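This report describes selected features of one protein model. The sequence and the structure are shown first, and the description follows.

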Amino acid sequence: MQSEVRVSSQEPIDHISENIYGHFAEHLGRCIYGGLWVGDDDRVETEDGIRMDTVSLLRGLNMPVLRWPGGCFADDYHWEDGVGPREDRPRRRNLWWTQGRENVPEESNEFGTDEFLRLCQLLDTDPYIAVNVGSSTPQEALDWIEYCNSGGDTELADRRRENGQEEPYGVKYWGIGNENWGCGGRFAPDEYADEYRRFANYFNGFDKLMNEDSTEFIACGHLTDDWNKVFFDSLNGGMEFGPGSFLGMGSPFNLMDHFSVHRYYQAGGDTDFTDEQYYKIFARAQKVGGDIDRAAETISEYVPEGEIGIIVDEWGVWHPEARSDNGLEQENTVRDALTTAGVLDLIHARADVVSMANIAQLVNVLQCLVQTDEEDAWRTPTYHVFDLYENHVGQTALETSVDTEQREIDGEDHDVPMVSASASEGDGELFVTASNRRHDEAELLTVDVGSSAYSVSSATVLFEGNDIREYSTKENAESFEASNLAVTDEGDGTITFEAPPASVVGLTLTE
Ligand code: AHR
């Protein structure tokens, strides 16, 4: 079969924020405990209790940002439980999730704020902390930001120093709760608006007066427009301070830098799915695009364009096999990785409104990038998609259209294009990613970048020869690595090649 990808460098969309390639790690199953943190366990090399085999694989992704400690866990977490000498930290229940290798719903608090921020230092990634709104107070949240970011002579800043960190950590991203319509407190949208205004007001005060305006605040939205509209309406109802007034607070919307949505999808099982379900999951993953569009439309009714970015701070495949009692573990297949390519393509197409995205989750849990056992760590197929797509980071997304067969899917709003693609340009380089979703046939692809000034400098392909049901294990992990792809550069801005069945291709063109 044949398809054509047309890239228009005359139609730049926007800069692709590096934060679109962000991640999420929750105190859930073996994500933190076992996957990232092993403490004194000497079966693997560690630095300050953090697993260095996992870190070294993750360093390959140049992670821009990491969200923590949840998820649902965030709204039941009290940060002071997790600072100071580890032997004195209280053991608590983990209300929502099984935990670590012991597989019990308990939290040892061995991994807390300083351990998380140490991990971020090791990964050279920006921390994004979600505070507890559902079961806590603005005071606790304010104390947390002070502990992390204050350079002053205060009890909390001194505590941080005693705990080993002299300089403020400078945590930039602060989420005001998580899914506060659900596990984060079951607030009605107007109630969450009140809570948001209250929490963000104190954060904003700290930010303006103590922190030189260097933090950003994130509201957690819903997938339904109705919920989001009531939330924005109610927030709007808050008192407005004039621009010249104390702190220059202005409208309540000044209290929000980003608004987040979450989307998970599944069709059939992780490895057990029919042909129809194989395609159905792409239709479901495409809903992320609609979620972003609807959130952008709602926001545009209240604030000028660009003032509040959209964050998709949980997204990915959540198969029925990933249950609470197994720490949300599932097999990570080539099919999953292909859905990731499609979602990243549609996020690039919305680079003008999306300020961050965080796939769920980083290690061992849900659609993870790295898996571990007690001795080793290895990459999943999804890791390789992130690795390949990383070339888009910091470039300008370009309008990209794909002329390809659309497959209708019973019961779904979206048809599934057999080829998904996106492109970006920067510093004399153009990068195109394209995936062939047909699992049983190669696709003859023509990519037209519209300018003979560009010629191909490299072409790589993922998953050539892998089956769509193949999932990563310690033994086979290397079989998902990228290989070179033969392409024909016609010399007039068009490149043709055969994209193998169920594969993802990355083309770099230089001027
Ligand atoms: O990622 C797993 C869970 O999914 C998170 O804790 C929650 O925010 C979402 O419902």
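In which sense do strand S1 and strand S16 pair, and over how many bridges?

## Basis of the description

This is a predicted model, in which local features need pLDDT of at least 70 and side-chain atom pairs count only at pLDDT 80 or more, whereas totals for chains, interfaces and linings use all residues. Residues are numbered from 1 along each chain as its sequence is written, and side-chain values use heavy atoms, with hydrogens and water left out.

Strand S1 (residues 2–15) and strand S16 (residues 396–403) pair in the antiparallel sense over eight bridges. Strands are DSSP runs (E) of at least two residues, helices are runs (H or I) of at least four, and both are numbered from the N terminus. Two strands count as paired if DSSP finds at least two bridges between them. Asp14 has Ala397 in S16 as its bridge partner. In general, strands of a sheet pair through backbone hydrogen bonds, either parallel or antiparallel.

S1 and S16 belong to an open sheet of ten strands with mixed pairing, in the order S23-S22-S26-S20-S19-S16-S1-S21-S25-S24. Strand S23 (483–484) and strand S24 (488–489) stand at the edges; each has a single partner strand, so one side of each lacks a neighbour in the sheet.

## Helices H5 and H6

Helix H5 (residues 189–210) packs with helix H6 (residues 225–236) at an angle of about 45°, and their axes are 8 Å apart. The axes are lines fitted to C-alpha atoms over the stretch in contact, and angles run from 0 to 180 degrees between N-to-C directions. H5 is therefore oblique to H6, a class that holds the angles left over from roughly parallel (under 35 degrees), roughly antiparallel (over 145) and roughly perpendicular (65 to 115).

Contact means heavy atoms within 4.5 Å. Pro189, Asp190, Tyr192, Ala193, Tyr196 and Arg197 in H5 meet Trp227, Val230, Phe231, Ser234 and Leu235 in H6.

## Two buried loop residues

His27 lies in the loop between strand S2 (22–24) and strand S3 (46–47). His27 is buried, with a relative accessible area of 0%; buried means under 20%, exposed over 50% and partly exposed in between, with a 1.4 Å probe and protein chains only. Beyond four places in sequence, the residues that His27 touches include Trp68, Trp97 and Glu107.

Pro64, in the loop between helix H1 (52–59) and strand S5 (65–68), is also buried, at a relative accessible area of 7%. Leaving aside neighbours within four places in sequence, Pro64 is in contact with Glu18, Asn19, Tyr21, Gly22, Thr125 and Asp126.
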